[in-house]
Number of protein chains: 2
Amino acid sequence: MTRQEIFENIRRKRSFLCVGLDTDVRKLPEHLLEESDPVFSFNKAIVDATAPFCIAYKPNLAFYESLGTKGWEVFLRTVRYIRQNYPDQFIIADAKRGDIGNTSALYARSFFDEADVDAVTVNPYMGEDSVTPFLGYEGKWVIVLALTSNKGSHDFQLMADAQGERLFEKVLRRSQGWADEERMMYVVGATQGQAFEGIRKIVSRHFLLVPGIGAQGGSLEEVCRYGMNSECGLIVNSSRAIIYADHSERFAEVAAEKAREVQQQMNEQLARYGL
Amino acid sequence: MTRQEIFENIRRKRSFLCVGLDTDVRKLPEHLLEESDPVFSFNKAIVDATAPFCIAYKPNLAFYESLGTKGWEVFLRTVRYIRQNYPDQFIIADAKRGDIGNTSALYARSFFDEADVDAVTVNPYMGEDSVTPFLGYEGKWVIVLALTSNKGSHDFQLMADAQGERLFEKVLRRSQGWADEERMMYVVGATQGQAFEGIRKIVSRHFLLVPGIGAQGGSLEEVCRYGMNSECGLIVNSSRAIIYADHSERFAEVAAEKAREVQQQMNEQLARYGL
């Protein structure tokens with residue numbers, strides 16, 4: 001999917017919501033546990049219910065790996081289901097991978113060739129040759145961690161050099177030499193508020209993947225005020241606040257309501273900024 | 001396994017070699033492809049041949065994930081085989097994981113509860129709360145990436161703050177507040193040479209996991225000169241130079257010869273430093 005296509009989906013659906021499929025088998029509604037593949041059943045119901053209100057899905061691999069040998073299969077099945085039934089959805093494998101070149105190349109093959117997702121999140125700590133193997137796939141995206149939403153983001157990402165440039169800024173600046181805004185996005189946590197303003201001075205045209213609204217407490221309005229650009233430039237993720245909003249047989253219906261609420265807020269923000 | 005037990009294994013076997021089980025299905029000797037589980041057959045043969053000469057095994061998860069749905073099963077089977085037949089071997093899952101707290105906790109559960117490895121490699125970019133969930137397992141280890149062996153390690157890990165402290169040094173220093181040398185090790189690439197001297201000023205007692213000898217070109221002698229401490233403090237990994245030394249039916253025999261050569265060099269180094 002191209003950057004232009006993502007923006008068109010956002011305009012058409014009046015939403016830049018990504019629903020995080022962080023499906024924890026211990027948190028499933030009880031009635032699903034009788035199904036042959038409860039995690040897939042949950043994902044399918046959530047996707048069917050929320051697809052009108054979002055433009056992307058983001059399964060986090062930790063939740064699938066925790067299922068053991070069945071995990072990769074459930075992940076693939078979920079990706080395939082979205083791909084076949086909602087071809088306009090952008091699918092992000094939230095895997096935060098990164099290793100020496102020949103090893104990153106294998107991760108890239110797993111996610112892009114076998115799973116056929118649109119994007120993978122990548123950790124930049126090991127530098128250029130750990131990220132570039134993910135860039136060799138036509139039409140696929142790399143989403144580099146820049147300034148994450150968690151408390152620990154302050155430990156190293158805010159470290160500044162003698163000129164005052166911080167680590168996450170160095171990541172943003174240097175990685176632009178590896179690929180442009182048609183192939184690369186960045187993770188910036190919604191909890192980082194005004195930091196978006198400085199970030200937009202470095203990466204004005206890139207899409208930012210923004211986790212941290214909902215359960216983690218970030219503000220959508222603030223993210224938009226400081227982070228939105230003329231092509232929206234934001235994909236805002238919510239996981240727990242949508243998919244675990246209800247634990248009864250009505251879980252999918254309630255998830256749809258929650259997704260719709262966020263979509264309406266996003267519609268207002270898009271309108272406010274003339275998009 | 002405790003730090004003391006690792007050191008005792010090193011003294012007894014006169015080796016601090018870790019064999020990297022980076023088993024690429026495309027590089028297997030042809031005659032193995034007829035087996036029902038070629039990757040496991042390869043691993044089993046390599047482990048049986050090299051176990052006398054090493055004290056640790058390190059499967060890299062990228063290679064297992066690239067096998068698709070069977071990958072996690074082959075990984076588990078390999079870990080179980082080592083555990084049952086060579087209980088004195090230290091097993092490292094080279095996964096380089098790291099995510100927000102609740103998600104890292106799931107990765108930790110997969111690797112420590114389900115796979116029952118001794119250690120997991122973790123990427124520190126996201127800070128304390130991405131690493132500490134791995135520390136809640138009695139007798140298990142976290143191996144934090146500090147200064148890696150690849151070229152890209154220079155991109156961000158060498159960034160210095162206004163006081164001259166570099167990112168990898170900050171990682172070494174700050175992470176000591178999260179756990180001590182009985183629970184935590186660090187990855188330092190063999191290609192980093194004299195950097196070991198400075199690193200030993202910050203983490204004098206910790207074990208360092210050292211990739212990068214063999215195919216990547218690091219020098220064992222230099223690593224020992226600058227990195228060895230009074231309890232050895234080094235676990236040096238070699239993958240490709242051992243497991244792919246030969247592609248014929250003699251592959252395991254040749255791997256054993258290569259491992260034995262490294263073990264003999266290690267014996268000399270241990271003797272040189274009075275261990």
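The model is a prediction in which local features need pLDDT of at least 70 and side-chain atom pairs count only at pLDDT 80 or more, whereas totals for chains, interfaces and linings use all residues. Residues are numbered from 1 along each chain as its sequence is written, chains are lettered from A in the order in which they are written, and side-chain values use heavy atoms, with hydrogens and water left out.

**Salt bridges within a chain**

- The side chains of A:Arg83 and A:Asp118 form a salt bridge with an N to O distance of 3.2 Å; because A:Arg83 lies in helix α4 of chain A and A:Asp118 in the loop between α5 and β4 (119-122) of chain A, the pair ties together parts that are 35 residues apart in sequence.
- A:Asp118 is buried at a relative accessible area of 5%, while A:Arg83 is partly exposed at 22% (buried means under 20% relative accessible area, exposed over 50% and partly exposed in between, with a 1.4 Å probe and protein chains only).
- In the salt bridge of A:Glu221 with A:Arg272, the closest N and O atoms are 3.5 Å apart, and since A:Glu221 lies in helix α10 (residues 220-227) and A:Arg272 in helix α12 (residues 251-272) of chain A, the pair ties together parts that are 51 residues apart in sequence.
- In chain B, the side chains of B:Arg250 and B:Glu257 meet in a salt bridge at 3.2 Å, N to O; B:Arg250 is partly exposed at 38%, as is B:Glu257 at 39%.

**The interface**

- Contact, meaning heavy atoms within 4.5 Å, links 59 residues of chain A with 60 residues of chain B.
- The two chains bury about 5100 Å² between them, 57% of it on carbon and sulfur atoms, where buried area is the accessible area (1.4 Å probe) that two parts lose on being put together, summed over both.
- A:Tyr125, A:Phe156 and A:Met159 supply 18% of the area that chain A buries against chain B, more than any other three residues.
- The rule finds 6 salt bridges across this interface, and one salt bridge joins B:Glu65 to A:Arg97, with the closest N and O atoms 2.7 Å apart.

How values were computed:
A salt bridge is a side-chain nitrogen of Lys or Arg within 4 Å of a carboxyl oxygen of Asp or Glu. Helices (H or I, at least four residues) and strands (E, at least two) are DSSP runs, numbered from the N terminus.
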